[in-house]
Every structure is written in structure tokens, then in C-alpha cells.
Amino acid sequence: MSTFIQTLIVGLRLGSIYALVALGYTMVYGIIRLINFAHGDFIMVGGYTMIFTIPITFALGLPAWTSVLLAIIVCAAVGVSTELVAYRPIRKRGTSMTALITAIAVSLLLENLAQAIPAIGPNPIVASQIFGTGGFTVAGVTMEWTTVYTIVISAVVMVVLYQFTQKTKLGRAMRCVSEDKEASILMGINVNNTIVLTFAIGSGLSAIAALMYLAQYPKVYTTMGALLGLKAFVAAVLGGIGFIPGAMLGGLIIGLVESFTTSYVSSSMADTFVFLILIVVLILKPAGILGKNVGEKV
Amino acid sequence: MMKKKLVVLLLSACMLLSLAACGTSGTSESAEPAASDDAAAPAGEITIGTISPNTGSLAAYGAAVTTAVELAVEEINAAGGINGSQVKVVNADDQFDPTECLNAFNSLVSQGIGLIVGSVTSGCTSAITDAANEEEVCLLTPSATADSITTEDDYVFRACYADSFQGAIAAAYAKQSGYTEVGVVYCASDTYSKGLYDSFNAACEKYGVTVKAVESSASLDVQDYTNQFASMVKAGVEFVYAPYYYDVIGPYIVTQARAAGYKGIIMGADGYDGTPDYVVAGADLSVFNDVYWTNHYDPADTSEKVQSFVKAYEAKFGSTPNAISALAYDAVYMYKQAIEAAGSADPKAVRDALADTSAVYTGVTGTFSLDSTGTPAKGASIISFTSDGTSVTTKLVDVVKELPAA
């Protein structure tokens, strides 16, 4: 029983990080039908921003997690400039394939740029402890505070984001643009601004994901976003890309599958199962678990 | 057209440079003719290449190699070079990536370099051993411990012991400390980790220790080891062998193992070297107590050879040399001795000199000869981490000269 609970907790905390990252993929895909492969690398940007900000927060006498505020701003800025510099001009001229290739190019550009800057690295940096140490024990399983925060914060962020898209004017504008761009223009929605806003929110979320990730796995390196981004992308597709609840569900499923495979099947086959699930879901339900079948997909 | 001109310019620049190189070495030789033992000694400089992970997740090991080689070569040149020839070093980076390692190797070979120190990791080195034999280039790895790296009649040698010895030392230590049931957590896709698991497993059988639980990770990029250690707790073992590198041990494994409720001993190998610089500041570091590992040398060793090396290194680079540094330093001196014995820096002649099993090398990491495969027979230090909660330091536990009988 304690193994089961332990596995569940590990799965939930991995899953909440995947879900947060998957939200970024899903929001951008929903609005401009582009798989933003650079999204994983925004997490790396957030991670390094926090690494460099944490000493400043300590100097100011603030807790380490406040460094996430600057990380959100930096990530949002990187996301918005990616949209303005790379994606928008391509969207005007090229096809969706051109845009997809551009996204991969931006991803590689960010990774290699980070490697080339001496202050960042190519070498991994270990972060400081972000949340307090310690925890409590339930049924023989130690629950660390960090794990509790990870799960709670990501749940709160997801609920807030969902409410934002459902209830606010801006959120409704985002959904409208995602539904039908031309009709949105007729309704008086500024499509370009809405897309920029989506990029800002999606990238800002990657900074929060970076916070959770670093609190749990305190090491940053320039390619940290690659596998993380890929798994989150799988999560988004699994849940139904373009739908916010789908990203949450997909993220949690991927995290739980990974954890339970490690515990009960074979610890070296966790990734195999994650990607196997992607293939199976795409065969059985190409639109994803919560997705509506709209014909064109990945 | 423009491109052609550029190429011509570049080529002529290269020629000029190589001519200039000949010129300087010529003068240095004529300046110290007495230092040469052999009148037929090769004219010109001797160039040694290094391959190490200078960037990437194991960059600390890359720096360890390049600094130690720089120190050794500086000492050798100051003392008159090898057979009167000055030594030059060309560093190449493998980024801890086997493909990059082969690129680095090819780049060194294309520069005409026949004597290479490298690479550091078993995973990278195993990618270039075949190429070294094909190109007939000497490859002396300071620290690639996988058994498969060196074989008889080849161009590959090493300055460190092999995993079959290192894994067995850990198994013997488990038995000595009274653990009859042990567990293993290893990385299934890494040559080094898998090799150590195999040798540990074989030695456990020999010593009558039961390997009760085995868990693995799919790659070295995995971040969560909680479930693996929860299985160890479930199996009831109190000694877990976890052969990983410092960049996984420091931030991930030890903390997660303790959080999963595992309180016993975690034992590893030379990949733990460097961990104290890779721990999480502000975390409860007392979790690092009861972590043991095998290493090639101990910088606190009082022998004169070790102390003079440690002092010279500290004076030059301002930090205490790790085992990889000590091994790389020894590797350069092994080349020196072999070139002197061969009377030439020709890779074939040097290979034959290194293959001589009667040659005795006295280095920082001990006095040893190479066996017929090119692996030294020498002892290991068992080292533990100790922590007061805020920092991690190392402590020498034991020095094992040879494996205890079963």
C-alpha cells in the first residue's frame, strides 16, 4: 500500500509539471494551430533566470521562490518576441509546415545560444533549495513540502487559467480567435494582440513550471527543456491538443504512467511506455481523449 | 572564386604556421642536446592530444584533464622535455557525447597526432577504441573503467583500474561491513553504469552476498529516482550500489533516496568524485552521511609523490585536484616513460613500449605495471561523504591494495 501511495505521489508531481508545460503547448496550438517546439526551452530560460535571481532575492531578504516573478517576465518577453520576430512574419507568408520548422529552429537556437553564452553555460548548475525542507508522513510515506506545493500550485494555476478563458473578456477573445479568426475580426477582436497575449501567458506559465521543476529537481542545463517539452507535448496531444482541460488530464496521465511503469513494470521502460501511449492514442482517437475530431491534426 | 581564394589563403597560413612550429622546436633541441638519451631521437616537438568532456554535464571532469595535462607538460618541458623534444598539447572536447568524441578523435588524427590522452568516460571512450586501432594511434585513457575498453594486442591502454576490480571492491566492502543482502540502482543505457553493475553483481556471487533487488533508469537524463529507492526499502536492503555520475548523485539521487525512506548505505564508484560541488545549497545535506564510493587516489595521502602533485596543482589552479586530474597527470608521465623507452614518439613504437608488461610506472595514483590488456594492477581508496548538514566533505575510509579472497 505504501508503495502505491509513494508511486501515486511521484506520478502526481511529475504530472503537474507536465501539465503546466502542456498548457503552453495547447494554448498556442489552440490559437494559431502551431506546435511551438520552443516552449520546452522557455522553461530552460525560466530556470536560468531563477538561478541568477535567487542570490538577489536572498540579498533582499526575500524567499527564493520570489525569483519566479522575474522569471515570468523574462519568459513572457522571450515568448512574445519569438512570436513577433519569428512566427508572425512566417504565418503571413509561409505554410503551416514552414511555421513548424521555424518552431524547431527557434528551439535549437535557444539551446545553442544558451550554450554559447559563458555566464550560462554549457555546464549544468545546481540550484539552491527553493521551498523549505522537511515534510510530513502519511501511511509510512514521507510527503515533502516541496511535493505538496508542486501539486497545489499547479492545480491552482490550472483552475485560474481555465476560469480566465471561460469568464473574462480577454479569455473569451482567445477562444473566439481559436474558433474562427475571420469571424473574430468581424466581431471587433484584435487578433494579433490576442495572439501576443496568448504567447505571454503560455510562456509565463513555463516560468512557473520551471519553479516547480527546480524545486523538485534542482539542476538546470541548456537542454533540460528538450525531453521535458517532448513529454509535455505528448501530454497535450493525449488530452486533446487545443483544449485546456485536455492538457491537464494528459499531463497527469503521462506523469502517472511514467511513475507506475517505474514501480510496477520496469524502471528502464518508463519513457518507452510514455511514447507508446502516444502512438496508441493517435491510432484509436486521433483528436486526443477530450479532443473533438476536426479533421486536421498534428 | 572568392571561396577558392580563401581556401588558398588558409592553406598557406597553415603551412607557414607549421613551418614556424618546426623552427621553434629545432632551436629548443639544439639548445639542449645533452638532454637527449638517444642520438636518433626524433627531431621536432612531440604533440599529445587530449579528449575530454570540456563542456556538458560532466564538464568538471574535462577541466580536471586539461588542467592536469597542462601541469604535467609544463613540468616535463621545464625539465628539458622528452628525449630533448618539447611537448605540446592539443585539447579536444567530446561534450560527454560518443558521436562528438569520434569527431574529436578524427580531428586530432587529421592534425597528425598519434598520442592521445582520453577520453574520460567509458561511454565516450568505447566509441573511439576501434578507430584508434584502425588508425594505429595510441589511446591512453585516464579514467575509462569499463572492462571492454582495453583488449590484448591493441592501441588502447589506461591509467586507471577496470570496473571488474572497482565493482568487486564495493561488493567486498559490503561483505566486510556485514551486509548479506544488497540492492542495485543503475542506468541501463550507460556503458559505465551498466559495466559496474555487472561486475558488482558477479563479485557479489563470488563473496556470497545476495543481490536482492535491482532497479534501473532508462537514461542519465532521468530526474526522479524515488520509486527505485522505494523498491529498495520494500525489499528491505540496507546497502544499495548506485553507480552514477556526480551530476545525478548531488542534486537527485541521495536526497530522493532519503525522502523515499531509504536510510541505509549508498555506495558508488569514481563517478561520485566532484559531488560536494554539486549539492543543493540550503537543503538538508546530512542526507549525504552513509554514502561511500571507490576512488583512484586520496588527495590527503601523505606520500611525497601525492603531496608534491597536490601542492603544485593547488599553486597553479587554486583548487584540490580530483582523481581524474591525478590519472590524467599520470597518463602524461606514462607516455613520457614509454617514449623514452621506445626512443621515439612514433605511435607504433610507443604502443610496443606501453604493451611491455614488465615496465613499472610510479605515479600519483600508485606504483603499477600494465597487464597484458593494458590495464594497471593497482589499489583503490574507499571514501565516504560526511556532512554537518550545511556542507559535504570527503573522508578516507580504507585503502584496498588487492581484492580479498572469496
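## Chain A and a helix pair

In chain A, 75% of the contacts with a separation of 6 or more join residues 24 or more positions apart, a contact being two residues whose C-beta atoms, placed from the backbone, lie within 7 Å. This is a predicted model, in which local features need pLDDT of at least 70 and side-chain atom pairs count only at pLDDT 80 or more, while totals for chains, interfaces and linings use all residues. Residues are numbered from 1 along each chain as its sequence is written, and chains are lettered from A and ligands numbered from 1 in the order in which they are written.

Of the 298 residues of chain A, 51% are buried, that is, 20 or more other C-beta atoms lie within 10 Å of their own. The C-alpha trace spans about 60 × 50 × 35 Å along its principal axes.

Chain A has 11 helices and 4 strands, which are DSSP runs numbered from the N terminus (helices H or I, at least four residues; strands E, at least two). Two of the helices pack at an angle of about 120°, with their axes 7 Å apart; axes are lines fitted to C-alpha atoms, for helices over the stretch in contact, and angles run from 0 to 180 degrees between N-to-C directions.

| Helix | Residues |
|---|---|
| H9 of chain A | 224-239 |
| H10 of chain A | 244-265 |

The contact of H9(A) with H10(A) includes A:Lys231 and A:Leu238 of H9(A) and A:Met248 and A:Ile253 of H10(A).

How values were computed
Buried ≥ 20, exposed ≤ 12 C-beta atoms within 10 Å, placed from the backbone.
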